[in-house]
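Subject: Structure handover

Hi there,

Here is the structure I promised to pass along.

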Amino acid sequence: TIQKSFCLELAVTAFGLLFLLTTRAASVNQPGSKAFVGIGAFNLVNAARFHRTPGFKWLRLEPGDDVGLGMMMKRAGGTARLALAYEDLSVQWYPSVPAMFKGLEKNLFGPSAHYRWWLLLLQVGMMWMLALAPYTALAVGVFKGSTVFALAGVAAISAQFIFSLRFVAPGPKPRISVLLLPVGMLLMSAMMLWSGYRCLRNGGIEWRGTHYSIEELRAGQRVKF
């Protein structure tokens with residue numbers, strides 16, 4: 001089992017939940033679903049179906065190429081499947097929060113905000129509204145004596161807890177990290193803002209030892225959440 005610091009656990013959990021929501025992962029395995037997904041750690045594809053796609057050249061300017069592979073396969077008529085294997089294997093994604101900041105620097109501004117600063121700010125604001133809403137409702141209910149707000153807050157937090165028991169990796173730290181989702185969201189929003197700042201400041205991203213301009217990236221973008 002790979003051990004992570006608690007701050008890293010919070011950040012990875014927040015990223016995972018956002019990833020599952022934006023890719024509509026809950027519907028990926030449903031027959032007839034248009035949802036698709038790709039995971040950099042492991043993708044298994046049908047070779048015959050892959051040869052019907054435009055190939056990796058189509059993804060050459062897409063930093064989220066793992067998700068792009070899933071989209072490309074789905075467009076070629078493939079069937080997507082997502083499997084969780086917490087009890088069978090684990091892979092260290094990043095060893096620390098600073099490493100995660102650096103590793104996601106090239107990825108977060110494009111797929112989520114399409115290299116647009118105003119869309120990035122809008123998304124960060126929405127993330128905070130969603131993350132803080134249950135706790136805000138509970139606080140308002142307690143301090144203002146509103147039963148409706150208090151019950152709404154308790155219901156939302158309880159749903160988070162039930163989700164953590166069913167879908168998060170086993171162990172106390174992953175489950176506590178779901179309940180502390182606002183902290184993880186703070187870390188993720190900071191990473192998103194840093195990614196956007198670096199891209200806009202440098203006029204693009206550094207990837208594979210090459211500088212790619214914002215204009216190139218927008219023209220070659222394939223994955224848009």
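Below are my notes on a helix pair, a hairpin and a few loop residues.

Please keep in mind that this is a predicted model.

**The helix pair**

Let me start with H1 and H9. Two packed helices are described by the angle between their axes and the distance between the axes. Helix H1 covers residues 6-22 and helix H9 covers residues 181-202; their axes are 8 Å apart and the packing angle is about 80°. An angle from 65 to 115 degrees counts as roughly perpendicular, so H1 is roughly perpendicular to H9.

**The hairpin**

Next, have a look at the strands. E1 (residues 204-207) and E2 (residues 210-213) run antiparallel and are joined by four bridges. Together E1 and E2 form a hairpin, with two residues between the strands. Trp 207 has Thr 210 of E2 opposite it.

The loop between E1 and E2 holds Arg 208. Although Arg 208 is not a glycine, its phi is positive, about 60°. Is Arg 208 buried or partly exposed? Its relative accessibility is 48%, so Arg 208 counts as partly exposed.

You will find Tyr 115 in the loop between helix H5 (109-113) and helix H6 (117-144). Buried means under 20% relative accessible area; Tyr 115 has 2%, so Tyr 115 is buried.

Thr 53 sits in the loop that runs between helix H2 (47-50) and helix H3 (65-75). With a relative accessibility of 12%, Thr 53 counts as buried too. A polar atom of the Thr 53 side chain lies 2.6 Å from the backbone oxygen of Phe 50. Leaving aside residues up to four places away in sequence, Thr 53 touches Met 72, Met 73 and Ala 76.

That is what I have for now. I would be glad to hear your thoughts.

Best wishes

Key:
Residues numbered from 1 in each chain as written. Predicted model: local features only at pLDDT ≥ 70, side-chain atom pairs only at ≥ 80, totals over all residues. Heavy atoms only, no water. Axes fitted to C-alpha atoms, helices over the stretch in contact; angles between N-to-C directions. Parallel < 35°, antiparallel > 145°, perpendicular 65-115°, else oblique. Buried < 20%, exposed > 50% of the residue type's maximum accessible area, 1.4 Å probe, protein only. Polar contact = N/O pair within 3.5 Å; in protein donor to acceptor, adjacent residues only side chain to side chain. Contact = heavy atoms within 4.5 Å. Pairing = 2+ DSSP bridges.
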